[in-house]
Protein chains: 2
Amino acid sequence: MIRIGIDAMGGDNAPKEIVKGAILATKLNKELSLTLVGDEEKINCVLDEQKADRSHIEVVHATEVIEGDDQPVKAIRRKKDSSLVVMMNLLKEGKVDAVVSAGNTGALLAGGIFIAGRIEGVSRPAITGIYPSLNPTVILDIGANADVSPEHLVEFAKMGSIFAKIAFKKDDIKVGLINIGTEETKGNELVKKAYPLLKETQEISFYGNVEARDIPKGIVDVAVCDGFTGNTILKLTEGLAETIFAMMKEVVYSSTKAKMGALLMKDSLKGMKDSLNYEEVGGAVLLGVDGVVVKAHGSSNAKAFSNAILRAAEYHHSGLIAHIKEVIS
Amino acid sequence: MIRIGIDAMGGDNAPKEIVKGAILATKLNKELSLTLVGDEEKINCVLDEQKADRSHIEVVHATEVIEGDDQPVKAIRRKKDSSLVVMMNLLKEGKVDAVVSAGNTGALLAGGIFIAGRIEGVSRPAITGIYPSLNPTVILDIGANADVSPEHLVEFAKMGSIFAKIAFKKDDIKVGLINIGTEETKGNELVKKAYPLLKETQEISFYGNVEARDIPKGIVDVAVCDGFTGNTILKLTEGLAETIFAMMKEVVYSSTKAKMGALLMKDSLKGMKDSLNYEEVGGAVLLGVDGVVVKAHGSSNAKAFSNAILRAAEYHHSGLIAHIKEVIS
């Protein structure tokens, strides 16, 4: 059995889509035992409505909710009976093996650091995403640490390598440093200092610099950067993909010929859109905290959230945390 | 007459596409008087081959070429008879009103700073690009300064506003600060310190923070950031657009139905691709140096290069440099 705690109140579509996602996950993986944390009445209502099989689903009541605009550290300290804090305590106490939330990212990070705790030797836990493309790339940090030191990037590289081995199910993991040129001497002070450190790091296979233009092509398995850069890359990707598809719709409506063409291409384009879709990937992971903590996209629907749960189970099953402890300490 | 100096030897397709672009520009704008700098023999050869009307084209011989991988500052100092340095001297001496090169960006920047000179009051000239989308956005810096101070961002905001007024032909210019969240308290140390400074700056209309996802949507006219972030944004856009179009081709080839659809959509998609194309926009501008310096894309063909020349003429004609001097001093 893999026991997973779920923040049933986090995200734009909570609790309905979260609970539906949990039900879906238990159908897809019979090894799961899920604990849904949040407003008992509301959760039970969705479970009943969906005629859920409750043999692998338990509900733990929590009276408060951390909202998207709550100040993360304050929220963690003050809303002691929030679904997120109660869920994180279950992880801390060893009552669940992993947790998943679609709620406030900062609060999840703060909860991971202050409740679950950092892994010894990790100075900065990182939010780790999988860049969606035909050759996906693990990127970290994507938003936990806007300012980092060169040494932090080395930690990210080590943790990211271990994570990529599990996520991509392969051993040969290449780590790149995101930079504005491929030459060793390029970049800002941070990456210029990080380059030689990464080159010397025994635990990773360092590829060198990668430019942002190569990220969608997937030329490395892991790309490390400060959280400002990583967040910018993911958000720009989201915005640009949306814009391109919106432009496509516009050009299509401008001509009957194009409209017919679009109709014929519809299924194929849908497949492409999916492969650029965060929801298909299954959320980001908080690497460096002592437990599997998965952040599902805030706008997750049931399918996206169930994917995030399945991923969390996989990460626990493959011993992600133990592997990080081994390499970092 | 607008006199423009051309680095005929810079760029992947020099001198042929550069010279052809110059000829095209003189056909499109009868007010131009162009000075092509570089290997006289090679330039004349293309001019003859194209049966060019030479009444508005002059050639100035230069024996050396700065290559793409030359170290910029060294190249400027050592290759005194390079096309780029000779061209920049023409600008310095007032023999031309503006210069255009598709060559080494760093060398053009170094030439701009050390030969043409900075405008008084500007501490860091910035490479300024126009983000290609349906609502284009002026972005600076896109690569001249990997590390900047909050005060530099204020300078960029002032220069960018003036540039956008000219480029977009409108007076109401909104300036955004690129950040990883919209709230005032978000971001790294740089942007947190820059926010209040920008808010206080009388000469601009400050919109607040903009996230990278909003750049393709064009919600501000000018977006300021350090050169590392700006370069990352432009390169990711390039790479992602390429990847999406490559994926589109792939899905199309996977089904006969989709192939027919693509054929019907072809013209419309071409139009869309063009609006995301740097070449259509006409190059980046070096703001803060004492003269109009335009950098065309390294892979410019004749059409792209002629666009860059036409833009340079427009910037000179509209008094870009005088306006910057007025606001900055």
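Good morning. I begin just after helix 11 of chain A, where Gly319(A) takes a positive phi of about 75°. This is a predicted model, in which local features need pLDDT of at least 70 and side-chain atom pairs count only at pLDDT 80 or more, while totals for chains, interfaces and linings use all residues. Residues are numbered from 1 along each chain as its sequence is written, chains are lettered from A and ligands numbered from 1 in the order in which they are written, and side-chain values use heavy atoms, with hydrogens and water left out.

Let me turn to helix 11 itself. Helices here are DSSP runs of H or I with at least four residues, numbered from the N terminus. Helix 11 of chain A covers residues 302–317, and at 1.5 Å a residue its 16 residues should span 22 Å; the expected span is 1.5 Å times one less than the number of residues. The end C-alpha atoms are 22 Å apart, which agrees. Several residues of this helix are buried, among them Phe305(A), Ile309(A), Ala312(A) and Tyr315(A); buried means under 20% relative accessible area, with a 1.4 Å probe and protein chains only. In general, an α-helix has 3.6 residues a turn, so residues three or four places apart point the same way.

Next, the domains. An automatic or database domain assignment gives chain A domain 1 (1–122 + 288–328) and domain 2 (125–281). The contact (heavy atoms within 4.5 Å) takes 23 residues from domain 1 and 18 residues from domain 2. Taken over C-alpha atoms, the domain centres are separated by 25 Å. The two domains bury about 1,800 Å² between them, 68% of it on carbon and sulfur atoms; this is the accessible area, with a 1.4 Å probe, that two parts lose on being put together, summed over both.

How many salt bridges are counted between domain 1 and domain 2 of chain A? The count is 1, where a salt bridge is a side-chain nitrogen of Lys or Arg within 4 Å of a carboxyl oxygen of Asp or Glu. Lys169(A) forms a salt bridge with Glu314(A), with the closest N and O atoms 3.1 Å apart. On the side of domain 1 that touches domain 2, helix 5 (105–116), helix 11 and helix 12 (320–328) each supply at least two residues. Helix 11 gives the largest share of that side, 6 residues.

Finally, Thr26(A) lies in helix 1 (residues 16–28) of chain A. Thr26(A) is buried, with a relative accessible area of 10%. Not counting residues up to four places away in sequence, Thr26(A) touches Leu32(A), Leu34(A), His56(A) and Ile57(A). Thank you.

Methods: Buried < 20%, exposed > 50% of the residue type's maximum accessible area, 1.4 Å probe, protein only.
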